[in-house]
Structure formats: C-alpha cells, structure tokens
Amino acid sequence: MFNFSDSFFDKVEKKTNVNKQTILDLAKKLQDSDLKNENTLRDIIRELGTMTGKEVSKEKEDKIISAVVNDQVPKDLNKFL
C-alpha cells in the first residue's frame with residue numbers, strides 16, 4: 001500500500017473533513033476492488049460523495065469513470081492537494 005506521511009493525511013482531512021482511518025479503510029476497499037468495473041466505481045464515487053458531503057453529478061461521475069477505466073488518473077496524489 002502507499003506510504004503517506006501524517007502531513008498528507010492532515011491536508012486531506014482539512015480539505016475533506018474525512019479522517020485518516022476512514023481514508024485508510026477506503027484505500028483498503030479500493031485495493032480489494034475491481035476498478036475497471038463501472039458499477040464498482042459508481043458505488044465508490046457515491047460513497048466518497050457521501051463521506052465528503054459533496055454531490056457528484058451524473059456527468060462528473062461519467063467523466064471520473066472514463067478517466068479511471070482508461071488509465072488517465074495522475075499517479076502523483078500530491079498534485080491534488
């Protein structure tokens with residue numbers, strides 16, 4: 001699994017109000033999931049939306065799924081922060 005520092009988790013928690021343990025639990029779920037399966041991805045996107053209190057439109061959900069399925073997701077997560 002990834003080796004992130006506590007400062008990484010602090011940044012994520014500050015931006016999303018999602019704590020470190022929840023992030024780690026989600027990471028484990030992602031690791032055990034088939035991320036090329038559209039239904040699995042939709043479930044995960046909806047779960048993330050609920051966790052963060054953000055509504056994800058159908059259009060945005062479709063764009064996220066397309067990016068993941070087509071391996072267009074940046075590998076450096078620090079760029080998102």
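Here is a short chat about the fold, the core and a ring pair.

Modeller: Heads-up: this is a predicted model, where local features need pLDDT of at least 70, side-chain atom pairs count only at pLDDT 80 or more, and totals for chains, interfaces and linings use all residues. Residues are numbered from 1 along each chain as its sequence is written, and side-chain values use heavy atoms, with hydrogens and water left out.

Biologist: In what order do the elements of the protein chain run from the N terminus on?

Modeller: Helices (H or I, at least four residues) and strands (E, at least two) are DSSP runs, numbered from the N terminus. The protein chain has four helices and zero strands. So the order, given that numbering, reads α-α-α-α.

Biologist: Are F8 and F9 stacked or edge-to-face?

Modeller: Rings of Phe, Tyr and Trp (its six-membered ring) pair if their centres lie within 6.5 Å; planes under 30 degrees apart are stacked, over 60 edge-to-face, the rest tilted. F8 and F9 sit 5.6 Å apart centre to centre, with 80° between the planes. That makes the pair edge-to-face.

Biologist: What is the relative accessible area of F9?

Modeller: F8 counts as buried because its relative accessibility is 9%. F9 is buried too, and its value is 6%.

Key. Buried < 20%, exposed > 50% of the residue type's maximum accessible area, 1.4 Å probe, protein only.
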